[in-house]
Amino acid sequence: MDYVDLKYKPSRDEIIAEFRMEPEGITFRKACNEVAAESSIGTWTKVSTMSPSIAKKLKPHVFNIDEKEKTFKVAYPVGLFEHGSIPQLMSSIGGNIFGMKILKSLRLEDIQFPENYVRGFRGPAFGIEGVRKRLRIWGRPLLGTIIKPKVGLTPRQMAGIAHDVAVGGLDFVKDDENLTSMKYCRFENRVPLILEALDKAEEETGRRIGYSPNITGPVDVMEERAYYAKKHGSRYVMVDVLTTGWSGLQYMRNLDLGMIIHAHRAGHAAFTRNPEHGISMLTIAKLCRLIGVDQIHVGTAHVGKMSGTADETCEIEDEIESKFITEKGGEHILEQFWYKIKPTLAVASGGLHPGMIPKLLERMGSNIVMQFGGGCHGHPKGPKKGAMAIRQAMEAARDDIPLPEKARENKELKQAIEKWGPA
Ligand code: CAP
Ligand code: MG
């Protein structure tokens, strides 16, 4: 069956996917055809059980091929997909096709969702406005830290550090991606202690301070941990969305917890990093916004320690914070209306220190969360001074004061710049 029809005009209610591809031993066009088949109703050979009515209803169309760019677009009838299920969507458009022998490489660059598909999802419960309202922070980035070392501290030690960095000036404290509940730091022990410590810091500072406990684990355990954290007054939960998986994330969102969901993307680079093969972080971030995370790690626009170009980070930030995205051919970004889906707040994290704040703001703007792990806890005078240096750097950038000038009257910032330098 031929799935390629370059005259085909997709209808408004089809899901459109853009792929980048390198065929293996067959023509580009043939390979496009096979990808469309294997990701929908076809297989490697003709089957007598196929009928014209099935094909009419469910056959996708390859309607755009750009061999020079090595890309092509497929329009999929929405009847191929289960309403409200990301696992099923990714078993189709993100499934078998990556392993086909007839391809040297395949990358899913973007997926465009039509309104009738978008309506199957809740999107963020709070969104950017809701998160800012919960923390009472407007007009500037949210300043956060990941308590370090990643794991190994006792609950009491973590609570003490959380209190200090909060009083030092941070708005938000989170668990690291690999801290869940180990014998030296049980979830049920650290959560109440850290929340109590932050309550105390809120009284002392008059500011709201969020704690995002990492609930990642088997779904039943995640549910228990979320309600436990909620019972103790947590405004947030943190989920490692890729190790938890689409089903786990949807389950947690559909509980309608009334808590902000912080999405950590640990593991994404196993398949987002290779520009020739895998799935783009743009696609992952769009799926997370659709399901309904309130904030998600998107990179640091090449300022910090992780891979990810400045353009890529900013395109992802744009995609998750906007209502409407126009198609950008060069970057292989499809048009997307987000309808009633609230915007998701971009989180910049990974290798950041106070000296990087001006460049980070310049590249990503101030509608973000900035997170500093080593860049806070590695301060020569300890985490509290690290928090103060971060705050001083953010205020300097906001007031357009060069950091060296700000550092003259702020020794914590001076010490941070002496240790790590400016960006
Ligand atoms: C940052 C971090 C975050 C990374 C994740 C870490 O710590 O806690 O998990 O930011 O990367 O463990 O590396 P540092 P990304 O501030 O000490 O680097 O945000 O790119 O997903
Ligand atoms: Mg981490």
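Analyst: Happy to. Keep in mind that this is a predicted model.

User: How do β2 and β3 pair, in which sense and over how many bridges?
Analyst: They are antiparallel, with five bridges joining β2 (residues 61-66) to β3 (residues 71-77).

User: And what do β2 and β3 form?
Analyst: A hairpin, with four residues between the two strands. In the turn, Lys-70 has a positive phi of about 60°.

User: Switching to ligand 1: which residues come nearest?
Analyst: There are 16 residues around ligand 1, and the nearest are Lys-150, His-297, Lys-305, Ser-349 and Gly-351. By type, the shell holds six charged, seven polar and three nonpolar residues.

User: Which polar side-chain atoms lie by an oxygen atom of ligand 1?
Analyst: Lys-305 has one at 2.7 Å from a ligand oxygen, and Glu-177 has one at 2.9 Å. From the backbone, a polar atom of Gly-350 is 3.1 Å from an oxygen of ligand 1.

User: How much of ligand 1's accessible area does the protein cover?
Analyst: The protein covers 93% of the 480 Å² that ligand 1 has on its own.

User: New topic: is Val-35 buried or exposed?
Analyst: Val-35, in helix α1 (residues 28-38), counts as buried because its relative accessibility is 0%.

User: What is Val-35 in contact with, beyond its neighbours within four places in sequence?
Analyst: Phe-19, Met-21, Phe-72, Ile-97, Met-100, Leu-103 and Leu-106. Phe-19 is 16 residues from Val-35 along the chain, and their C-alpha atoms are separated by 9.4 Å.

Note on methods. Residues are numbered from 1 along each chain as its sequence is written. Chains are lettered from A and ligands numbered from 1 in the order in which they are written. This is a predicted model: local features need pLDDT of at least 70, side-chain atom pairs count only at pLDDT 80 or more; totals for chains, interfaces and linings use all residues. Side-chain values use heavy atoms; hydrogens and water are left out. Two strands pair if DSSP finds at least two bridges between them. A residue is near a molecule or strand if one of its heavy atoms lies within 4 Å of it. A polar contact is a pair of N or O atoms within 3.5 Å; within protein, one must be able to donate a hydrogen and the other to accept it, and residues adjacent in sequence count only if both atoms are side-chain atoms. Accessible areas come from the Shrake-Rupley method with a 1.4 Å probe; for residues, only the protein chains shown count as cover. Ala, Val, Leu, Ile, Met, Phe, Trp, Tyr, Cys and Pro count as nonpolar, Asp, Glu, Lys and Arg as charged, and the others, Gly among them, as polar. Buried means under 20% relative accessible area, exposed over 50%, partly exposed in between (1.4 Å probe, protein chains only). Contact means heavy atoms within 4.5 Å.
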